[in-house]
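Colleague: I would like to go through this structure term by term. Please set each value against its definition.

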Amino acid sequence: EQKSWKAAFNVMETLINHGYEAVIVGGAVRDLLRGHLVHDVDVATNAHPEEVKALFSNTADVGIAHGTVLVIHKLSPIEVTTYRTEGQYQDHRRPDEVKFVSSLSEDLKRRDFTINAMALTIHEEIIDLYGGKEDMERHIIRAVGEPTKRFKEDALRMLRAIRFSAQLGFQIEINTLEAIKKQAEDICFIAKERIKQEFDKIFISRYPKNAFLHISNSSLSQFLPGDYSHYEAWECFKPNGKSVKGWAFLTLLQPNHDASILSQLKCSNSEKKYVKAVVEAFQLLNDGGWTKRDYFDYDVDILETAYEFACQLNKNVKAPASQYDIVQIKSSLAIQSQQELAVSGQDLIKWSGQKGGPWLKEMLDRILNEILENRLSNSTEQIKEWFLREHTH
Ligand code: ATP
Ligand code: MG
């Protein structure tokens, strides 16, 4: 994002012109070195939050407890964070309170991995105290400092290392990986919501298999909800930018397609609903293929996803022959939605002279199936005729 870079440089310039230090830090520097500009550009400074707020007309206190002020620059909002350490770690989690420090080097020291611990000056020089540039070139994820100590401080870093291995396709350096194995159990201290966020990122990453291989091999799998023994299956997973697709795939890889992992990792109701539909459609396809009614019941996206997974996980899937066929078959159905049905429950009550009840839904369902199977046309007259005939039997 060119705009956020321009904005960040403007913000740095203002801070520097007022006698403060300011540099770009973290993921933006990492991604710049990879030739990617698609990132939030974060600024670090020795100015304290109140001082930052005094310099810019439009700011928001988004992360003030962590020393972060959001400067709402006209080109793009920029997070400006005061140099800090993380104070005392409790329960192997990042603390909520922070301690401001005066030097950039102290700020870089608390960062998780060497590739995330570089800074870029306004003169476009890289400040690299931990060999991040070399690790970038050699495609290595390496903890800053002593890895076991860093993971003891904050166990989420283990999962972050794994997530970066999936996003970047980098290797986790051997001592860093050993430390993950050693400290794996500490992942229990981390809030499920934060674990979910890392999974969401893994699901849209380029190399998800890297992540699940590490989760499986590091014994993190023993302390996380879910089963990771089928990590090889991720080799053929095609991320589509929506993490929910990954949740569906992970659910299919569970014994009996058990979806309890979704609740355990705090997925939303809409995510659960989507996964449930994909799993159902997947199973229907595996046990004999889809009926017209199945094509009617599920959205194209659900059918396509279930079909893709079925082809990947099951050698002999029955029709449709291709993704194109799904749209084709679905659009050639006699009706596309329940609302198009030419009769309502009210009509059936009127024609039969009976009171409403469970029979109504059952009958409407049968009518729908008859129409979808082209045994009955969707006209009120014809449906009435069919209904009266069926009803008197
Ligand atoms: P992305 O935004 O793609 O997730 P990022 O590197 O920007 O990647 P953030 O979570 O936004 O990651 O954090 C910004 C920076 O803060 C990181 O690059 C890293 O330097 C530091 N950081 C974040 N989380 C931790 C942590 N748990 N321990 C130590 N440093 C961290
Ligand atoms: Mg970021």
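Modeller: An open sheet of seven strands runs in the order β3-β4-β5-β2-β1-β8-β9, with mixed pairing. Strands here are DSSP runs (E, at least two residues) and helices are runs of H or I with at least four, both numbered from the N terminus. This is a predicted model, in which local features need pLDDT of at least 70 and side-chain atom pairs count only at pLDDT 80 or more, while totals for chains, interfaces and linings use all residues. Residues are numbered from 1 along each chain as its sequence is written, and chains are lettered from A and ligands numbered from 1 in the order in which they are written.

Colleague: What makes β3 and β9 stand at the edges?

Modeller: β3 (59-63) and β9 (126-127) each have a single partner strand, so one side of each is left without a neighbour in the sheet.

Colleague: Why are both faces of β1 called covered?

Modeller: Ala22 and Ile24 on one side and Val23 and Val25 on the other are all buried. A residue is buried if 20 or more other C-beta atoms, placed from the backbone, lie within 10 Å of its own, exposed if 12 or fewer, and partly exposed in between.

Colleague: Why is serine 219 called partly exposed?

Modeller: Serine 219 has 15 other C-beta atoms within 10 Å, and that count falls between the two cut-offs, so the middle class applies. Serine 219 lies in the loop between α10 (208-217) and α11 (243-252). Its phi is near 70 degrees, a positive value in a residue other than glycine.

Colleague: Which residues have the most contacts inside the largest nonpolar core?

Modeller: They are Ile24, Ala119 and Met158, in a core of 90 residues. Helix α7 (residues 156-168) gives the most to this core, with eight residues. A nonpolar core is a set of buried Ala, Val, Leu, Ile, Met, Phe, Trp, Tyr and Cys residues joined through C-beta atoms within 7 Å.

Colleague: What is alanine 119 in contact with?

Modeller: Leaving aside neighbours within four places in sequence, the contacts of alanine 119 include Val23, Ile24, Val25 and Ala44. Contact means that the C-beta atoms, placed from the backbone, lie within 7 Å.

Colleague: How do the residues of the shell around ligand 1 divide?

Modeller: The shell has two nonpolar, three polar and six charged residues. Ala, Val, Leu, Ile, Met, Phe, Trp, Tyr, Cys and Pro count as nonpolar, Asp, Glu, Lys and Arg as charged, and the others, Gly among them, as polar. The largest share of this shell, three residues, comes from α7.

Notes: Contact = placed C-beta atoms within 7 Å. Pairing = 2+ DSSP bridges.
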